Amino acid sequence: MDNPLRTRDDLQDAVRALCEPLTHSPGGARVKVGTTAAHFDPEAAELEGFARPLWGLAPLAAGGGEYADWPVYLDGLTSGSDPGHAEYWGEARDHDQRLVEMAAIGFALALAPERFWTPLRPAAQERLAAWLDQINHRTPADNNWHFFRVLVNLGLENVGAPHDPEATEKALDRLEEFYLADGWYSDGATEQRDYYIPFAMHFYGLIYAGLRPGTPRAARFRERAAVFARDFATWFAADGAAVPYGRSLTYRFAQAAFWGALAFAGVEALPWGQVKGLLLRHLRWWRGRPIFQTDGTLSIGYGYASLNMAEAYNSPGSPYWAMKAFLPLALPEDHPFWQAQEEAMPKVPALHALPHARMVMMSGSHVTALCGGQWASWNPRHVAEKYAKFAYSSHFGFSVPTGSIGLRQAAADSMLALSDDGRHWRVREESESKIDGHVVHSRWSPMPGVEVETWLIPHAPWHLRVHRLTCDRTVHSAEGGFAADRNGAVVEAGAGSARAGVSGIVDLGGERAGEMIVVDPNTNLIVPRTGLPSLLGEHPPGEHWLACAVLADPDPAAFEAAWAQPPTAADLPPR
């Protein structure tokens with residue numbers, strides 16, 4: 001995308017450019033982006049392809065932006081909600097994907113009825129309202145999906161169509177039960193504290209606050225977002241990159257949608273120039289990534305096209321939830337957000353504990369999140385890799401496995417992988433964890449008869465790891481640092497250390513050998529071909545103390561200087 005992404009006009013152009021390659025069906029109601037499948041039916045997937053661009057097109061319309069294909073969307077709203085039309089979107093069931101996509105349409109009716117409602121014929125309006133009303137009679141997933149009912153009813157109310165205030169209040173009441181403290185929610189009754197907190201729980205709450213500014217709920221949503229902003233700023237690096245963590249990472253620049261939602265709701269949690277900078281730098285970071293398919297549509301993946309990292313619910317249209325990042329386009333050009341000069345990153349502490357997320361954030365040349373681990377009981381794909389690694393980086397990303405045999409397939413970066421046969425490797429999954437100051441402590445068991453206690457200790461620019469391993473039989477271990485681009489990289493491995501380019505790991509216990517593992521391609525989320533500096537060991541039955549220091553730095557000169565003076569065992573805390 002050849003777009004400087006610095007001004008309101010630039011972002012309007014970006015929305016149009018992202019939507020331009022999408023091809024609508026003859027009746028306009030469906031968009032088939034690709035040929036891969038999600039767990040839901042193809043009709044719902046093609047509805048998704050139609051609806052998700054509305055997260056950017058509705059703000060574009062509300063802010064007076066032009067778009068040549070407004071009539072196509074009117075045709076689609078007419079055809080898709082008509083049970084007698086071949087492109088009918090279908091009846092919704094409990095927990096149906098259609099309930100998700102209804103929210104985008106409700107959002108469009110709430111923001112820009114003159115584009116998406118008023119031009120429809122009365123019969124089409126009636127059918128669309130009836131189709132959307134299904135959300136008031138179906139059971140949503142018990143998480144952020146409750147906001148979808150809220151958004152649909154706000155849209156229906158805005159256009160004077162029948163809606164359900166009681167269902168809206170019931171949904172909002174349930175969402176209140178997910179609030180924790182200190183600006184943090186859970187996404188339902190789960191341990192997950194990932195991007196669904198900023199780009200779902202807060203994002204929808206701030207839309208509500210912007211549309212219903214005088215209500216007590218709106219005030220609470222604004223207050224919580226202002227508190228959360230100070231924590232969330234630590235997830236972003238100076239170059240605009242965010243720390244990839246958790247599921248749904250194919251939504252890409254939705255990671256920064258929270259910052260635009262602050263502007264929409266009028267929450268100056270940070271100076272407007274800093275809020276603007278957080279959003280725009282993030283968009284510019286993505287601009288340089290190969291995230292598009294050959295036809296110009298967004299691909300499933302993260303730093304490049306990859307199905308390996310995707311969720312079972314990622315259809316080809318899924319990535320267009322990235323359009324949430326364009327919410328500020330609904331604001332007029334004279335809004336303080338647009339009038340502010342873009343500013344550099346807000347000053348964040350070098351170390352910042354996030355106890356609700358079980359993380360300690362290390363801010364430097366990149367952002368490193370030291371993690372105690374979370375667990376999603378419904379087991380999304382690669383759940384351990386997305387939630388339970390020891391560390392996640394804004395620059396180095398993380399890796400997911402390609403298979404179940406051997407370390408090349410395991411791609412166990414930032415993990416201690418254990419095996420009792422040297423062939424199948426197990427890593428931290430569920431754990432008990434806590435934050436003690438800036439030290440992350442966890443207890444976990446990868447297999448029966450094997451127990452591990454882990455301490456993660458910041459030691460900038462390094463971090464230290466200490467493990468107390470107890471096993472009832474001989475086990476093999478492989479502890480990985482950060483996976484790094486291996487193209488042209490310096491590769492070294494010795495008795496107690498290994499490095500791949502600007503990533504390295506040093507053993508502090510004297511028991512393990514260094515090795516650079518050439519992991520399978522397309523395992524890392526950001527770079528498709530990586531090397532993984534690792535420490536390998538073999539441990540007989542009994543108790544073993546393992547310790548290492550891990551370094552990764554995008555700046556080669558800074559890496560070399562730090563690599564030349566590694567921590568020693570004397571830097572470890574007493575046992």
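A residue is called buried here when its relative accessible area is under 20%, exposed when that area is over 50%, and partly exposed in between, as judged with a 1.4 Å probe on protein chains only. The model is a predicted one, in which local features need pLDDT of at least 70 and side-chain atom pairs count only at pLDDT 80 or more, while totals for chains, interfaces and linings use all residues. Residues are numbered from 1 along each chain as its sequence is written, and side-chain values use heavy atoms, with hydrogens and water left out.

Helices (H or I, at least four residues) and strands (E, at least two) are DSSP runs numbered from the N terminus. With that in place, helix α12, residues 257-265, is largely enclosed by the rest of the structure, because 9 of its 9 residues are buried. These are Ala257, Phe258, Trp259, Gly260, Ala261, Leu262, Ala263, Phe264 and Ala265. The elements against which the buried residues of α12 pack are α5 (97-111), α10 (196-211), α11 (216-232), α13 (272-287) and α14 (336-339), where contact means heavy atoms within 4.5 Å. After α12 comes Gly266, with a positive phi near 70 degrees.

Helix α5 also takes part in covering another helix, α4, whose buried residues are covered by elements including α2 (42-51), α3, α5, α6 (113-116) and α7 (122-133). In α4, which spans residues 70-80, the buried residues are Trp70, Tyr73, Leu74, Gly76, Leu77, Ser79 and Gly80. Within α3, residues 54-62, lies Gly56, which is buried at a relative accessible area of 0%. Leaving aside residues up to four places away in sequence, Gly56 touches Val15, Met323 and Phe326. The C-alpha atoms of Gly56 and Ala325 are 7.5 Å apart in space, although 269 residues separate the two in sequence.

An open sheet is formed by 8 strands in the order β8-β9-β10-β11-β19-β16-β15-β14, with antiparallel pairing. At its edges stand β8 (432-436) and β14 (491-493), and because each has a single partner strand, one side of each is left without a neighbour in the sheet. From one strand to the next the twist averages 15 degrees, with axes taken as lines fitted to C-alpha atoms, for helices over the stretch in contact, and angles running from 0 to 180 degrees between N-to-C directions.

Strand β10, residues 450-459, is largely enclosed by the rest of the structure, since 7 of its 10 residues are buried. On one side, β10 pairs with β9 (residues 439-447) in the antiparallel sense over 6 bridges; Arg443 stands opposite Glu453, and Val440 has Leu456 as its bridge partner in β10. The hairpin of β9 and β10 has 2 residues between the strands, and Gly449 in its turn has a positive phi of about 85 degrees. Strand β11 (residues 462-471) runs antiparallel to β10 and is joined to it by 10 bridges, with His467 in β11 as the partner of Thr454. β10 and β11 likewise form a hairpin with 2 residues between them.

A last point concerns the cysteines. The structure holds 0 disulfides, a disulfide being a pair of cysteine sulfur atoms within 2.5 Å. For Cys548, the closest cysteine sulfur is that of Cys371, at 15 Å, which is too far for a bond. Cys548 counts as buried at 0% relative accessibility, and Cys19 counts as buried at 3%.

Conventions
Pairing = 2+ DSSP bridges.
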